[in-house]
Amino acid sequence: MTEIKAVGVVGSGQMGSGIAQLAAVHGLDVWLLDTDPAALSRATKSITTNIHRLISKGQLSQAAGNNALGHLRCSSNLEELCMADIVIEAIVESEDVKKTLFLELDRIAKTSAILASNTSSISITRLASATSRPCQVIGMHFMNPPPVMKLVEIVRGADTSDNTFYATKALAERFGKTVICSQDFSGFIVNRILMPMINEAFHALYTGVATKEDIDTGMKLGTNHPMGPLQLADFIGLDVCLSIMKVLQAGLGDSKYAPCPLLVQYVDAGRLGRKRGIGVYDYRAAEQVKRSARL
């Protein structure tokens, strides 16, 4: 089985920085890549803050925290991934963009390296087709935020080898995660179930069944969910939810996966959720209060 000692992570958003943090805390050398230097700077600050928080809570020793930060390297040069044993992409949820990246990674990464995707819905088999190593391509879907959520969903493409699967599974377990395994169908397990629920919540709001507050409260208290579906959609990003619904509709060919018109409208309006300050809910006033408190 491939022994993983060095990890490359492409994309320094919330998912990518969280995956990089996990790898560094668990003693692996990590290269975090992003073409946007400002995004890399934000990610480095976030990872450093999170590690210091773990130290202050007694969940990580000072020495272990310093060691983790020493394992982390940030770069905008994809060529630096040439020595990684596994590269995990956590970029935009677009098949074309991911395929372009995988084509580049296939050229750069050493021949033994595993190429993994954090995609939440896109076919691993189709991503693998952009490479000359389909047996070494796999889905490694972390939940958001990766350092906190206990689950990793592993997805085998049509040609993913046993060696690739077991090495990826071992890495997830080294991170302290519970692993579930899905076949390569649109949406896999989690999002095939979750996204239609979120979409139906939008339909309930769209058709005037109830207010957004009552829809979320009903699901939180009625089904013991920690977060209502509309609030969760804001947390995930409405653009991501819409993208996944489109993948489900195209991949499974069923009209029940058609995105709710209200979800489409919100995305068209730029109401993407927490990351934009407004989605189903408006977070701008609360964010302003937080900023004022820090000054």
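Predicted model: local features only at pLDDT ≥ 70, side-chain atom pairs only at ≥ 80, totals over all residues.
Biologist: How much area do the two domains bury between them?
Modeller: About 460 Å², and 62% of it is on carbon and sulfur atoms. On the domain 1 side, Glu93, Ser121 and Asn144 lose the most area to domain 2, together 65% of what that side buries.

Biologist: Why give an area at all?
Modeller: The size of an interface is often given as the accessible area lost when the parts come together.

Biologist: What about salt bridges in general, how many does the count come to?
Modeller: The count comes to 14 salt bridges. One of them joins the side chains of lysine 98 and glutamate 93, with an N to O distance of 3.6 Å.

Biologist: Are lysine 98 and glutamate 93 buried or exposed?
Modeller: Lysine 98 is buried, and glutamate 93 is buried as well.

Biologist: Which residue does aspartate 162 meet in a salt bridge?
Modeller: Arginine 156, with 2.7 Å from N to O between the side chains. Aspartate 162 counts as partly exposed because its relative accessibility is 46%. Arginine 156 is also partly exposed, at 26% relative accessibility.

Biologist: Now aspartate 239. Which lysine does it form a salt bridge with?
Modeller: Lysine 275, and the closest N and O atoms are 2.9 Å apart. The pair links distant parts of the chain, 36 residues apart. Aspartate 239 sits in helix 10 (residues 238-252), while lysine 275 is in the loop between helix 11 (261-268) and helix 12 (284-294).

Biologist: Why does lysine 275 count as exposed?
Modeller: Its relative accessibility is 52%, and the exposed class begins over 50%. Aspartate 239 has a relative accessible area of 27%, so aspartate 239 is partly exposed.

Biologist: Change of topic. Where does leucine 242 lie?
Modeller: Leucine 242 is in helix 10. At 6% relative accessibility, leucine 242 is buried.

Biologist: What does leucine 242 touch, not counting residues up to four places away in sequence?
Modeller: Leucine 242 touches Pro259, Leu263, Val264 and Val267. As for serine 117, its C-alpha is 19 Å from that of leucine 242 in space, and the two residues are 125 residues apart in sequence.

Biologist: Last one, threonine 131. Where is it found?
Modeller: Threonine 131 is in the loop between helix 5 (124-128) and strand 6 (137-142). Its relative accessibility is 12%, so threonine 131 counts as buried.

Biologist: What lies 2.8 Å from a polar atom of its side chain?
Modeller: The backbone oxygen of alanine 128. Leaving aside neighbours within four places in sequence, threonine 131 is in contact with Phe102, Asp106, Leu115 and Val137.

Note on methods:
Residues numbered from 1 in each chain as written. Heavy atoms only, no water. Salt bridge = Lys/Arg side-chain N within 4 Å of Asp/Glu carboxyl O. Buried < 20%, exposed > 50% of the residue type's maximum accessible area, 1.4 Å probe, protein only. Helix = DSSP H or I, 4+ residues; strand = E, 2+ residues; numbered from the N terminus. Buried area = accessible area lost by both parts, 1.4 Å probe. Contact = heavy atoms within 4.5 Å. Polar contact = N/O pair within 3.5 Å; in protein donor to acceptor, adjacent residues only side chain to side chain.
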